[in-house]
Amino acid sequence: MVNQLLNGRYQFIKVLGSDELEQTYLVGDTKLPGYPKCVIRHLQLPISKTPRTLSFVLTLLKKKAETLKGFSKHHHLPEILDYFEEGNNFYLVEEFVLGQPLSDEIVPNRPLAEEYVVKLLQEILEILVVVHGWGLVHRCIKPSSLIRRKTDGTLVLTGFGIFKAIGAQGMRSQINESETHTNGSSAYVPPDQLQGQLNFNSDLYAVGMICIQALTGLSAEDLLKLAFINPSGIRELSWRDHAHVSSKLMMILDRMVHPDGDQRYQQASEVLDDLGRSPYREPDFKTSASTTTTLPRPESPLWADRVKHFRTPAIAALIGLALIAIAIATRLPQSLLSRYFLHRGSDQEQRNETQEAIASYTQAIQANPDSHAYYQRGLAYSHAHQLQKALDDLTKAIQLNPKLAEAYYQRGNTLFELGDTQRALADYTQSLQINPKQARVYVNRGTARAETGDEQSAIADYTQAIQLDPNLTEAYLNRCLSRSNLEDHQGAIADCTQAINLQPNSVLAYQNRGLARRRVGDLTGAIADFNIAIRLNPQDADPYYNRGLARYDLGDKQGAIADYTAAIQNDPNHVFAYYDRGLVRLEQGDKEGAIADFQQSAKLCLDSGRTGCYQDAQFQLNQLK
């Protein structure tokens with residue numbers, strides 16, 4: 001990409017950002033004088049899709065792009081300049097807005113004044129009044145998508161979620177609707193949007209969270225940590241103690257970020273209306289005491305509140321007995337039927353008939369929609385790698401039974417696999433609060449903590465898991481890696497050795513011990529461990545790659561190249577094998593081979609959104625020019 005023009009005119013300059021759906025580049029338009037800068041948003045279409053599906057997706061993309069192009073000639077929006085497809089890729093070209101992102105104004109540990117936040121809120125809402133008036137939902141609002149234009153200081157709203165909209169419609173099996181990333185952007189996504197529901201108030205939720213972040217001085221990740229599950233099984237945000245703010249603004253923001261979309265503001269103009277009143281009117285929250293003509297279902301948390309309003313204990317008791325009698329008469333047969341389908345689904349899963357098991361669990365839910373049925377189907381969806389559906393079912397199980405520790409654990413696993421480490425951590429912690437004797441939950445929370453760079457807390461979790469279950473191989477194995485990352489290499493070697501004692505055929509245990517031995521300079525011992533790992537699983541790329549590093553350390557450059565090549569043969573997308581092979585080839589004077597390896601490494605880094613390794617590869621290529 002670096003040395004070629006996109007669409008025959010756009011020269012790549014640098015990567016601006018990436019997520020699981022799109023990559024964003026800064027480019028120069030070579031067809032215009034001075035090569036003015038533009039922004040390109042790039043979606044790589046899934047090659048596994050049928051031609052008919054791809055045609056459908058491209059049609060949707062073009063319609064969305066054309067719609068945005070017609071609406072974008074507005075002072076507070078970047079102009080859509082072009083869109084095109086090349087190969088298996090779709091590109092949207094938009095105006096480059098010179099300025100600073102709002103994320104430069106809203107920074108951790110620097111709470112902003114209420115007056116500033118109110119003005120900011122009004123400014124963003126006025127943009128949304130226009131955008132929503134066109135029938136568009138942005139779906140991806142966060143501080144980095146709001147640019148303070150340098151020339152006049154006004155805000156410009158960028159980054160409309162065109163690709164996420166298409167992902168939800170045309171590529172669901174390839175791309176999940178979950179917009180959760182470890183960079184904290186999930187803090188701006190309401191629960192209903194994560195579950196596939198999208199309304200104008202999804203954008204209002206995001207704006208409310210931005211304002212709360214500005215008032216508290218907390219990072220997006222820290223805001224997620226303030227979330228808790230209330231007794232009704234609904235996720236709420238406890239932020240008020242972290243900000244000095246008037247009750248008027250507090251009530252408005254609480255309504256903007258309400259977890260229930262029906263109780264949120266529905267239009268940006270409604271929020272502006274309340275902001276314009278002095279004093280602010282009390283928001284019209286719907287509660288269990290509000291007047292309504294629709295009675296909640298018996299299993300609804302609101303039902304208990306309604307029963308309390310009966311005037312005499314005797315009448316309440318009689319009606320309660322009547323309800324119990326009706327429940328027994330109508331639900332007991334359904335409950336037995338549900339148990340039959342649950343048992344059948346379990347048998348099918350044991351035979352690896354996952355789709356059949358999902359169908360059985362669905363019948364169980366239809367017969368009796370209890371937490372256990374949703375939990376079982378959620379696990380089955382997870383086994384089928386249908387992670388968004390798994391997330392939905394596990395969330396439903398938790399709503400029906402907030403004390404179901406196993407559901408929090410499994411939902412944490414699903415969130416972690418989706419890349420939402422912070423919410424996974426919250427679920428693991430909630431599971432342990434309900435049942436602190438779960439060794440495997442400590443192991444997985446430790447893994448999530450290590451993913452965030454908190455190796456010390458990870459070690460504490462692995463240690464707790466070992467205390468609960470001294471024969472848990474995974475706990476020793478993971479603690480080995482965390483200890484090595486904290487330079488406790490001898491402790492790491494001891495842990496990996498214990499993991500090997502418990503599970504002598506563990507490839508990962510030999511590989512991690514080899515890494516620790518290499519770090520203490522025991523290159524011979526490291527190579528011996530990598531040799532065993534390769535013998536146990538010759539198809540695994542990483543032991544070859546790590547043995548290549550150790551061979552290079554010993555001065556065996558040809559051996560290192562051979563190992564890097566073997567790693568690439570096992571995994572053609574092994575970014576670091578290409579990069580390190582390029583370094584060795586460069587040392588040996590094979591400039592052409594080095595350039596080819598660095599170019600492939602750069603491409604793979606860019607394709608996977610790893611901007612750091614992409615820049616490293618580009619640096620090497622620039623040095624070779």
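Which residues in α18 meet residues in α20? In this predicted model, in which residues are numbered from 1 along each chain as its sequence is written, local features need pLDDT of at least 70, side-chain atom pairs count only at pLDDT 80 or more, and totals for chains, interfaces and linings use all residues. Side-chain values use heavy atoms, with hydrogens and water left out.

The residues of α18 that meet α20 are Leu477, Cys480, Leu481, Ser484 and Asn485, and their partners in α20 are Leu508, Ala509, Asn512, Leu515, Ala516 and Arg519, where contact means heavy atoms within 4.5 Å. Helix α18 spans residues 473-485 and helix α20 residues 507-519, and their axes come within 10 Å and cross at roughly 15°. Axes are lines fitted to C-alpha atoms, for helices over the stretch in contact, and angles run from 0 to 180 degrees between N-to-C directions. The two helices α18 and α20 are therefore roughly parallel to each other (angles under 35 degrees count as roughly parallel, over 145 as roughly antiparallel, 65 to 115 as roughly perpendicular and the rest as oblique). The crossing of α18 and α20 is left-handed, a term used if the near helix is turned anticlockwise from the far one by less than a right angle, with right-handed used if clockwise.

Helix α18 also holds Arg479, which counts as buried at 10% relative accessibility (buried means under 20% relative accessible area, exposed over 50%, and partly exposed in between, with a 1.4 Å probe and protein chains only). When its neighbours within four places in sequence are left aside, Arg479 is in contact with Ile459, Tyr462, Thr463, Ile466 and Asp495.

On the side of α21 the contact is made by Leu523, Ile527, Phe530, Asn531, Ala533 and Ile534, and on the side of α22 by Pro543, Tyr544, Asn546, Arg547, Ala550, Arg551 and Asp553.

Over the whole protein there are 26 helices and 11 strands; helices (H or I, at least four residues) and strands (E, at least two) are DSSP runs, numbered from the N terminus. Buried residues make up 48% of the 625 residues, and residues 24 or more positions apart account for 55% of the contacts with a separation of 6 or more.

Aromatic rings were examined next. Rings of Phe, Tyr and Trp (its six-membered ring) pair if their centres lie within 6.5 Å, and planes under 30 degrees apart count as stacked, over 60 as edge-to-face and the rest as tilted. By this rule the count comes to eight aromatic pairs. One of them is the tilted pair of Tyr409 and Tyr428, at 6.2 Å centre to centre with 45° between the planes. This pair links distant parts of the chain, with Tyr409 in helix α14 (residues 405-418) and Tyr428 in helix α15 (residues 421-434), 19 residues apart. Both Tyr409 and Tyr428 are buried. Elsewhere, ring pairs link Tyr10, Phe84 and Tyr91 into a cluster.

Among the lysines, Lys403 is found in the loop between α13 (387-400) and α14 and is exposed, with a relative accessible area of 64%. Lys248, placed in helix α7 (residues 247-256), is partly exposed, with a relative accessible area of 32%.
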